[in-house]
Structures are given as C-alpha cells and as structure tokens.
Amino acid sequence: MEIKQGGVVSRLLADVPIPRMFRAEQLFPRERIAPADIPAAVAGELSREPFRSKIRPGMSIAITAGSRGIANVDLITRSIVDFVKARGAVPFIVPAMGSHGGATAEGQLEVLASYGITPEAMGCEIRSSMEVVELGTSDTGLPVYLDKNAYESDGIIVSCRLKPHNAFRGPYESGPCKMLAVGLGKQKGAERVHSDGMGKIGANIPSIAKVILARAPILFALPCIENAYDETCRIEAIDRDDILAREPELLQFAFERMPSLLVGACDVLVVDETGKNYSGTGVDPNITGTFSTEYAHGGVEVQRTCFLDLSAASHGNALGVGLANVITKRFFDKIDTEKMYPNCLTSTVLTSARIPCVVANDREAIQMCIRTCTGIDRSRARIIRIPNSLHIGRIMLSEAYYRDVKAGKWPGVAACSEPEPLEFDGDGALLTPIEG
C-alpha cells in the first residue's frame, strides 16, 4: 500500500490546526516494592509454609513466564529460580503465553529474551515447546490442555501478573487462572478457551483452571500486582487449594490501583507507542477506552485515537492496531501479520487486527483525528497525549484543559508547563517530548 506525503490527503489536512499543548503530571497512590527489595520479597513469600516445604531436593520445578511487559519480570523470575535452587531442586522456565510469539517455540523464546529472560540471565534452562497434553474436559464442555514440559515436571510454580483484563469482566481476569488455562495451554489450549467468544471466556477460564488444578502438579501461584506507575506493589504466594478463592480478592485490589486519565474525556487521544509489552492489545483499553469487545468498558471517553509507533519489543505483533482510528506509515511498516494473526485465530477477535486509516506522519495522524471529530471547535480540540498506556504519570494536554487544570478542577492533575505549539521536523515527525 502506497502512503504518499504531499498527496491529496496531505493537502486536505494541511490547514487543520493542532492546538498548543502543555505538560501535566498525574498523581496516584504510590505504594511500591523497590527493585532492590524484590528478591527478599519473593524469598519471604516462598519461605512461608506451605510453600517452602513443597519444594524438595531433587525435584524438577517448572516456573511460568508470560508475554506481558510486567515490571521487574526478569528480577521476579530470577528470584524464584534462585529460591528453588537454594532448596536443592532443579528449576526450568516454561513460556506460558498461549499463541503469542507467533505460536512457535522459537518465537516464544524471542519474546522472553526481549524481557531479559534467557538461560544465561536466569541461571537455568528454558524449555520452549508448543506440545501439550490433554487433561480432560471442563464442566463447560471444553478439552483441557497443558504444556507437556510443565506437566512432566514434579511441580509447577505459576508466576504471573494479576490485573483487570482488557476485553472481558469476571471474577477471574488476568491472573493465575488465566495463566493456567490460556498461558500454559499454549496455542491449542488458548484457542479452546476463546472458542465460545469473549462473552463466555469469563466462565471458561475458571472451569478449565479447576481441571488443571486437580490433574496437574501445580504447587502454588506467585502473582504480582502493579501500582498506577507500572511498579511492583505486591507479591503474594497463593497455595494451589486457595487460588480460586483468593484470586478474585486480589483482582479487586488490582482494580483499586489502576491508573486513569483523570480529566475523564477528550476529543482526541494520541498514543506515542503501543505494543505487546504494554498490553495484550497494544494499549490497555481500561485506560484508553478503546475496547475490542462489548464485554468490558471503562477508560477515558474519546472520539478519535491515533497510534504513532509500534514498540520494538512487540516483534511486529501489532495486535490492537484496530483500536485506533489512524496510524502512521511508520507504524504500518512494522506490522508482521505472521506474528499478529495467530492471536486473532486463537482469540476469535478480529477487531484488534483491523488496519485503520494510515497517513504519512505524526502530524497528519493528529490532524486527521481532529478533522474527523464531530461537534467540536477544532481550534479548541481537547487532546490528550500519552507515551503508552502503562506510563501515564506524565502526559500532555491541549490548551482547552489548561485553565481548569490550574484551577484544580481535577484533583491529582497538575500543570508542569505553559501551553506551547508542538514541534515537528520537516517530515512531520513529532519532536516535542512528553517529559521536557
């Protein structure tokens, strides 16, 4: 597809004004576990009973590692490995990410390596395979699959992040049960979990997790929870028999610590970078309000959204691109459908992979969003700019918000500069940094 700068589209957008913008800070509660304290926090949890006694000398222990950009994921994983070794057992890491990484063993190793999870860094083997064993049938009538390497171990430690999901609601969203049913199910298991659509996945996940907990050597889960600044704020070990009861309680804890765009509504949302390291759908709709299904809602109220770039850590998997109205040619050129479409085939959700309008550069992406908004004064468009959906402590807001921010209309939002024009280079690339 040819995207021309200086063609008809460029001419139609040339006179669309982009309002002046100012830097703003959003303040959220910030309880956290400092990275230097994470090894001790992990060891402290695993040293409690019954967890300590479950790891015995000579045991082969599988430790899960997923595809999300979890804060300190390499440090948490290495800390688990070190504890298992200290108990005299033999740890190995299993990629637990369903169909991510292009649904190949090699691709899943590549994803882990991008997070610093390699055999050399972790001090143990990583056994990556798409081979699964069938454990039985769930009470919702679905076959249950589990990674073969993990199943053949003497014990499985479910390491994951626990947080609200981006496409459905239920007592079990992103957390230990999903890691069991989807992550460890590999492509085959993930496909079955999603086979009834997002309207049923909230029931399928715990149903499948129950079978895995009953028939696989699960020892315990060690989920982490992050604060509004994408920092680790809690690490808690949960015994296998307590996972189904404890996970919904921790999900509520995670909901309460989610960040948000505090001004609540905008005409245009500009996202500098999206990617699988930020959310399964490139951006977290719980922040951006751009949901791919009807089974979840929330986030900022917005008319138009543009994505300017795709992260290198996504390895071309641009899932979530369909949540934007406009993307840049730079973004489009990085899309690898061989990495992205396996997720769609597994999840049955096609919306996230649809290609939106593509324009030549950052300036035109913002202008196209402004021009196609309805019912607004374009010169006073309310624009929010964020670096990505994980890090929204520092953002930019257009001048339409400035007076209200200075007046304290939104507690927790403070202006850090005065409104100024955004700067672009001669090719229309955005030069103004969010943090000046």
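At 28% relative accessibility, Arg-127 counts as partly exposed, a label for values between the buried range (under 20% relative accessible area) and the exposed range (over 50%), computed with a 1.4 Å probe on protein chains only. Please keep in mind that this is a predicted model, in which local features need pLDDT of at least 70, side-chain atom pairs count only at pLDDT 80 or more, and totals for chains, interfaces and linings use all residues. Residues are numbered from 1 along each chain as its sequence is written, and side-chain values use heavy atoms, with hydrogens and water left out.

Arg-127 has a partner: it forms a salt bridge with Glu-125, with 3.1 Å between the closest N and O atoms. A salt bridge here is a side-chain nitrogen of Lys or Arg within 4 Å of a carboxyl oxygen of Asp or Glu. Glu-125 is also partly exposed, at 43%. Side chains of opposite charge can pair when their charged atoms come close.

The whole structure holds 26 salt bridges. One of them joins Arg-257 and Glu-256 at 3.4 Å, N to O, and Glu-256 is exposed, with a relative accessible area of 54%. Another pairs Asp-309 with Arg-330 at 3.2 Å. That pair links distant parts of the chain, 21 residues apart: Asp-309 sits in the loop between strand S12 (301–307) and strand S13 (326–328), and Arg-330 in helix H13 (residues 329–332). Helices (H or I, at least four residues) and strands (E, at least two) are DSSP runs, numbered from the N terminus. Asp-309 is buried at 13%, whereas Arg-330 is partly exposed at 32%. Elsewhere, salt bridges with shared partners tie Arg-234, Glu-236, Arg-246 and Glu-249 into one network.

Now step back to the chain as a whole. It divides into domain 1 (8–28 + 259–415) and domain 2 (35–257), with bounds from an automatic or database domain assignment. Their C-alpha centres lie 30 Å apart. Where they meet, 32 residues of domain 1 are in contact (heavy atoms within 4.5 Å) with 31 residues of domain 2.

Two salt bridges cross this interface. The side chains of Glu-110 and Lys-339 meet in a salt bridge at 3.7 Å, N to O. On the side of domain 1 that touches domain 2, helix H12 (285–288) and helix H14 (337–347) each supply at least two residues. The largest share, seven residues, comes from H14.
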